[in-house]
Amino acid sequence: MANVLVMNVQELSVNFRSFFVLCKPRVSALIVFTAMIGMFLATPHMVPLGLLLAATIGIAMASGSAAAFNCLIEQSIDAKMARTKQRPLPSGQVNSLQTFIFATTVGCIGLSILYAFVNPLTMWLTLGTFVGYAVIYTVFLKPATPLNIVIGGASGAMPPILGWAAVTNSISPESLILFMIIFAWTPPHFWSLALYRRHEYAKAGVPMLPVTHGEAFTLLHILLYTIILVTISILPFTLGMSHLIYLVSVIMLDAIFMAYVIALYRNYSHELSRRTFRYSILYLTLLFLSLLLDHYWAVSF
Ligand code: HEM
Ligand SMILES: CC(C)=CCC/C(C)=C/CC/C(C)=C/COP(=O)(O)OP(=O)(O)O
């Protein structure tokens, strides 16, 4: 028994990098970033350092754990797609048991940190977000419907609400606006990728919108969701939550996003679709950064 335990501990330490990759670090980094901005925006002062650290680490661990569970559940799909077949599970760097132990441990520690050092509300909301992505999206929606990412996107949009709740112990209308921004951003973000990767999704049997409804239909929906996104993105200014720095930044970011999406709609190419996807990530990063700059600028003047 002791030998088996020692072996498992040794196996777990074999390849830290593989475990890190299971957490989808770049996606999780942006998720944590949006949660942190939620924390900063929730108070005119500095977020107490202990709270900032505990909430950031707790949310990061929950996000990494959710991503690792997604990798565990989707390993056979990942094995069929060029983009994902190098991931630690399909390439054999880690096995299912190791991943399960890792994801459970990291998730439990993350949630415990939130419960003990942040507040129970943030822990419960994070647990809901975790279930939304790792179970509802991954197990039920993704294999079943091309609307998977619209509904599943609600999970990815939760982090600012989590951050806000960490600081105020409540769900505020302002954090719901940040939720709506990410919620409306997710379809153009994902479908621009799904368009140029559609053959891989078709091969893996995943019913993504370009596979089930074709290019023209997907392009129209990218355009419509981007128009919704642009409209919602102005709300922090019109509702008095943000000021001129944000307004100027978001108008520029929106104009570029619209330019990409209109160009894509008029004259589709895989290359332009790839560039639109990459821009979507820059868009969200800079939008949240400008919310932060605007917040502290307004506080200090
Ligand atoms: C249901 C919702 C979402 C879906 C289906 C989705 C899908 C994807 C996919 C398939 C990729 C991989 C691209 C690749 O391997 O080249 C990706 C990349 C990325 N996504 Fe999303 N995404 C979603 C939500 C989010 C959210 C909420 C965020 C952050 C707030 C986010 C941030 C990113 C980032 C930063 C990357 C780039 C990762 C890299 O360069 O390795 N995504 N997304
Ligand atoms: C705080 C917390 C618990 C957050 C969890 C929410 C979370 C990790 C959302 C991530 C969204 C995401 C990576 C989607 C990728 O889609 P996919 O899984 O279909 O992409 P793939 O084809 O690359 O696997």
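Tutor: Helices are DSSP runs of H or I with at least four residues, strands are runs of E with at least two, and both are numbered from the N terminus. The model is predicted: local features need pLDDT of at least 70, side-chain atom pairs count only at pLDDT 80 or more, and totals for chains, interfaces and linings use all residues. Residues are numbered from 1 along each chain as its sequence is written, while chains are lettered from A and ligands numbered from 1 in the order in which they are written.

Student: Thanks! Which residue follows α9?

Tutor: Helix α9 takes in residues 159-168. Between α9 and α10 there is a loop, and a residue in that loop has a positive phi of about 60 degrees although it is not a glycine. The residue that follows α9 is Asn 169.

Student: Is Asn 169 buried, exposed or partly exposed?

Tutor: Let's count C-beta atoms, placed from the backbone: a residue is buried if 20 or more others lie within 10 Å of its own, exposed if 12 or fewer, and partly exposed in between. Asn 169 has 13 other C-beta atoms within 10 Å, so it is partly exposed.

Student: How many of the ten residues of α9 are buried?

Tutor: The list of buried residues includes Pro 159, Ile 161, Trp 164 and Val 167. Among the elements that cover them are α3, α4, α6 (96-118), α7 (120-141) and α10. Helix α9 is mostly covered, and its count of buried residues is nine.

Student: Which residue in the loop between α2 and α3 can we look at next?

Tutor: Good idea, let's visit that loop; α2 spans 16-22.

Student: At what angle do α3 and α4 pack?

Tutor: Axes are lines fitted to C-alpha atoms, for helices over the stretch in contact, and angles run from 0 to 180 degrees between N-to-C directions. The axes of α3 and α4 (residues 49-73) are 9 Å apart. The angle between them is about 145 degrees.

Student: How many nonpolar residues are in the contact of α3 with α4?

Tutor: Two residues are in contact if their C-beta atoms, placed from the backbone, lie within 7 Å. Ala, Val, Leu, Ile, Met, Phe, Trp, Tyr, Cys and Pro count as nonpolar, Asp, Glu, Lys and Arg as charged, and the others, Gly among them, as polar. Residues of α3 including Val 27, Ile 31 and Met 39 meet residues of α4, among them Leu 52, Ile 59 and Ala 67. Beside four polar and no charged residues, the nonpolar count is eleven.

Student: Which element gives the largest share of the side of domain 1 that touches domain 2?

Tutor: The bounds, from an automatic or database domain assignment, are 19-171 for domain 1 and 172-301 for domain 2. Here 30 residues of domain 1 are in contact with 28 of domain 2. The elements giving two or more residues to this side of domain 1 are α3, α8 and α9. The largest share, seven residues, comes from α3.

Student: Where does ligand 1 lie?

Tutor: A residue is near a molecule or strand if its C-beta atom, placed from the backbone, lies within 6 Å of it. There are 17 residues around ligand 1, with Arg 26, Val 27, Leu 30, Gly 156 and Phe 190 coming nearest. Elements giving two or more residues to this shell are α3 (25-41), α8 (148-156), α10 (173-196) and α14 (270-300). Both domains give residues to the shell, so ligand 1 lies between domain 1 and domain 2.

Student: Which element gives the most to the shell around ligand 2?

Tutor: Ligand 2 is surrounded by 19 residues, and the closest are Ala 62, Ser 63, Ala 66, Phe 130 and Tyr 133. The elements that give two or more residues to this shell are α3, α4, α7 and α8. With six residues, the element giving the most is α4.

Student: One last stop: in which helix does Phe 237 lie?

Tutor: Phe 237 has 18 C-beta neighbours inside 10 Å, so it counts as partly exposed. Leaving out residues up to four places away in sequence, Phe 237 touches Ser 242, Tyr 246 and Leu 247. The helix, residues 209-238, is α12.
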